[in-house]
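Subject: Handover of a structure and findings

Dear colleague,

Please find below the structure that I am handing over to you. A summary of the findings follows it.

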Amino acid sequence: MRRPRRDGVLFFELWAVLVLATLLRPCLAVAVGLEPRDLTNSSIPSPVSVAPTQNWDGIDGSWNSFALRVGDPSQFIRVFISTASQQTWAVHAEACLFNETDPQTNETVEAVDKDCYESRGGTFNMTTSTTWDEIGFYQLWTEKNLGLIGNGQYGYDTVGFGQPGEEGPTLKNTTVGTLVADNFWLGHFGVNAKPTNFSAFSDPSPSYMTYLFQQKYIPSLSFGYTAGAQYHFTSVLGSLTLGGYDSSRFIPNDLTFNFAPDNERDIVVGVVGITANSATKTNYNLLNRDSFTMYIDSTVAELWLPIEVCEMFEKAFGLIYDNTTHLYLVNDLLHQTLLAENASVTFSVGQKFSTNETVDITLPYAAFDQTAKPPFRGLQNSSAYFPIRRAQEENQFVLGRTFLQEAYLVVDWERQNFSLYQNSWVFGQSKKIVPIISPSLVGEVTPASTSSKHLSTGAIIGVAVGGAFVLAMAIFGAAWWIWRRRQKRRLEEVKAQYEEKAAAAAKAEPPSEKPPEDPPLSPVKDGEEQAGTKVFPKAELPAESADRSELSSDSKSGDPPSSNSYGMPSPVIEVDNTERQIFEMEGDMPTRQEAGGRQLSEKETLMVRERMYNGVDPTGPPDVSPIYEEPPRRMAPVSPSEVTMVNRRIPDVSPTTPRTPTDGALLEANDTFFQPPRAPRPEDTLLSPISPLDGSTDSSRRRFSYEF
């Protein structure tokens with residue numbers, strides 16, 4: 001017996017080892033990433049903590065700003081932080097210019113509005129920057145869903161963090177957009193990591209965050225941010241950490257959110273509950289609809305909520321919607337009432353289809369106690385307002401800076417997840433900056449601290465379970481493949497043995513000399529195939545008659561059987577049989593058929609029968625096709641020789657006269673059915689129909705009748 005080849009088995013074993021190594025590589029990488037390392041030999045940069053200014057800017061409320069240095073020589077501006085943008089925006093110098101008349105020369109000159117300049121956080125004049133590389137004018141696309149649009153003049157220039165004495169990293173050739181529109185009163189610094197595409201997707205412009213990571217200023221594309229709260233203590237400034245987060249600013253939880261699939265709205269949470277509590281209300285439900293998703297976007301100040309939720313806010317707090325400015329303006333009486341109520345609003349957020357866990361973020365009324373200033377939304381005077389807005393569509397549901405006064409946001413752009421925490425208001429805590437290590441660096445070196453942001457225990461367990469499942473499936477597939485090969489080999493061996501036995505049996509048995517029997521021929525063929533070709537023998541029963549063993553009439557059932565002279569039982573003697581022996585079945589006489597409109601004769605019928613049972617005689621008469629289904633009978637045609645005209649006139653027949661058999665005696669000579677009447681003639685008597693008269697005994701006269 002042949003030994004099976006080992007080539008396929010060796011190949012499979014090598015393949016299984018490679019698959020196993022590939023599957024275990026992520027687990028090994030995670031294990032390596034969790035090991036502590038020596039900080040003295042570290043090549044991973046530390047996170048960058050961006051210092052905020054002491055200013056509270058804005059015309060839609062009071063918000064802590066951050067300082068930037070733009071251009072060369074540097075021009076200092078104050079901006080907000082945008083979690084939705086990847087660009088740096090600065091207010092154009094022309095936004096605060098106005099025309100005035102010089103009293104000395106009496107000429108019109110441009111002057112800078114100092115109040116506008118200070119209110120807008122300073123302006124940027126690209127004509128005085130030696131490093132400005134202009135791109136062109138493009139639309140401000142970040143808040144298009146909210147209807148906040150405008151045009152900006154874009155270019156590449158040098159941008160750095162911090163005021164004099166607090167300078168942070170400075171990068172060249174970063175994307176900068178300048179604006180004049182009032183929709184964005186201050187500029188902003190974008191912490192989103194996606195690139196900017198001006199003309200083609202093949203050559204995008206990297207974001208500031210990407211440049212920081214590529215030039216090894218930060219350990220990963222991540223950040224931690226909270227907007228700050230002016231109403232807590234004397235005021236609590238905002239916090240921005242690039243490449244990590246400040247763990248002293250929030251209360252930790254175990255919930256991690258995954259990015260939404262929409263690239264324009266990725267930091268999305270599901271709102272599953274909104275409740276209000278005050279001196280007069282407890283757990284007042286403000287969510288009178290199904291859960292919905294909201295985008296965390298610090299570019300804007302307000303909370304853009306569904307109309308149904310805004311109406312519940314109106315009932316709970318007595319708010320009045322202003323149709324002119326589309327704001328919830330608060331007068332002095334309502335303001336004092338809300339302060340006395342000291343209400344708070346709690347947002348319960350989670351991520352549907354991912355986990356049932358939720359995080360509660362509670363905002364006191366002080367977080368909603370903001371002041372709107374001209375020219376915000378066309379206001380002529382400053383007014384207190386409640387910073388919520390009516391949103392018409394789901395892509396307008398936004399949690400703005402108002403929400404981030406009480407929430408701390410940590411985003412990891414590379415792992416595509418984020419976390420949301422309730423802010424901690426413990427006074428006097430020191431910063432605890434924790435780095436987030438990039439996944440691309442985990443396999444090279446270990447994190448800077450064991451408390452660094454890494455995969456959670458649940459995530460590690462999930463990876464292990466998934467890897468074990470995949471490995472088990474691979475082992476099962478390999479076992480099945482081996483079993484299949486063995487089964488196939490066994491089948492081949494059995495088949496070979498069977499073929500050998502069949503060959504041996506064929507050699508041992510002599511060939512048969514019996515001539516092959518002719519295949520039986522059908523006695524019935526189609527008319528075209530039988531005509532004049534073959535004559536089959538008569539289909540008769542065999543002539544050997546079966547002898548009927550009948551006892552003689554004088555034998556009795558009780559007599560013992562007789563024996564011959566040798567002592568053997570004698571054969572049974574039958575009485576002479578007088579019955580007629582039947583050698584063939586009596587033939588049936590088929591019903592006479594018709595051919596060509598006439599009935600077949602007895603001879604033709606017998607010929608048809610002969611052809612059906614015994615074939616066709618080539619010397620016989622032409623074929624007559626029998627008709628098995630009897631057609632409807634019709635009258636035989638009348639030959640003209642059988643008609644005798646005795647009178648050319650037809651008797652009077654009325655359409656209403658019933659048809660009855662008539663004879664010649666009823667015909668009249670003066671019939672006018674086909675000809676006009678005329679006088680009787682002598683010859684009419686000679687031409688009258690030959691018909692026996694009433695009471696006549698002459699039977700030699702011929703009878704004739706018309707039939708219609």
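Two strands are said to pair if DSSP finds at least two bridges between them. Strands (E, at least two residues) and helices (H or I, at least four residues) are DSSP runs, numbered from the N terminus. This is a predicted model, in which local features need pLDDT of at least 70 and side-chain atom pairs count only at pLDDT 80 or more, while totals for chains, interfaces and linings use all residues. Residues are numbered from 1 along each chain as its sequence is written, and side-chain values use heavy atoms, with hydrogens and water left out.

Overall content

The protein chain contains 12 helices and 32 strands. Of its 708 residues, 37% count as buried, where buried means under 20% relative accessible area, exposed over 50% and partly exposed in between (1.4 Å probe, protein chains only). Contact means heavy atoms within 4.5 Å. Among contacts between residues at least 6 apart in sequence, 65% join residues at least 24 apart.

Strand β9 and its partners

Strand β9 covers residues 151–161 and is mostly covered, with nine of its 11 residues buried. Strand β8 (residues 133–139) runs antiparallel to β9 and is joined to it by six bridges; in this pairing, Phe 137 has Gln 153 of β9 as its bridge partner. Strand β10 (residues 170–179) also pairs with β9 in the antiparallel sense, over eight bridges, and here Gly 152 stands opposite Leu 179 of β10. With strand β3 (residues 63–70), β9 forms an antiparallel pairing over three bridges, in which Arg 69 faces Gly 160 of β9.

Strand β17 and its partners

Strand β17 (residues 268–277) is likewise mostly covered: seven of its 10 residues are buried. Seven bridges pair β17 with strand β22 (residues 344–350) in the antiparallel sense. Four bridges join β17 to strand β19 (residues 292–296), again antiparallel, and Val 268 has Tyr 295 of β19 as its bridge partner. The pairing of β17 with strand β18 (residues 284–285) is antiparallel too, over two bridges. Ala 276 has a bridge partner in β22, namely Val 345, and another in β18, namely Tyr 284. Strands β17 and β18 form a hairpin with six residues between them, and Asn 283 in the turn has a positive phi of about 50°.

A three-stranded sheet

Three strands form an open antiparallel sheet in the order β21-β25-β24. Because β21 (328–330) and β24 (370–372) stand at the edges with a single partner strand each, one side of each is left without a neighbour in the sheet. The twist averages 55° from one strand to the next; the axes are lines fitted to C-alpha atoms, for helices over the stretch in contact, and angles run from 0 to 180 degrees between N-to-C directions. Strands β21 and β25 pair over three bridges, and Leu 329 stands opposite Tyr 385 of β25.

Aromatic rings

A pair of aromatic rings is described by the distance of the centres and the angle of the planes. Rings of Phe, Tyr and Trp (its six-membered ring) pair if their centres lie within 6.5 Å; planes under 30 degrees apart count as stacked, over 60 as edge-to-face and the rest as tilted. The structure holds 25 such pairs. One of them joins Phe 313 and Phe 386, which are tilted at 6.0 Å centre to centre with 55° between the planes. Phe 313 lies in helix α4 (residues 307–317) and Phe 386 in strand β25 (residues 383–386), so this pair ties together parts that are 73 residues apart in sequence. Both Phe 313 and Phe 386 are buried.

Phe 386 also forms a stacked pair with Phe 368, at 4.7 Å centre to centre and 5° between the planes. This pair links Phe 368 in helix α6 (residues 365–368) with Phe 386 in β25, 18 residues apart. Phe 368 is buried as well. Elsewhere, ring pairs link Phe 223, Phe 257, Phe 259, Trp 413 and Phe 418 into a cluster.

Charges over rings

A charge sits over a ring if NZ of Lys or CZ of Arg is within 6 Å of the ring centre and within 35 degrees of the ring normal. The charged end of Arg 120 sits over the ring of Trp 185, 4.4 Å from its centre. Arg 401 lies over the face of Phe 80, 4.3 Å from the ring centre.
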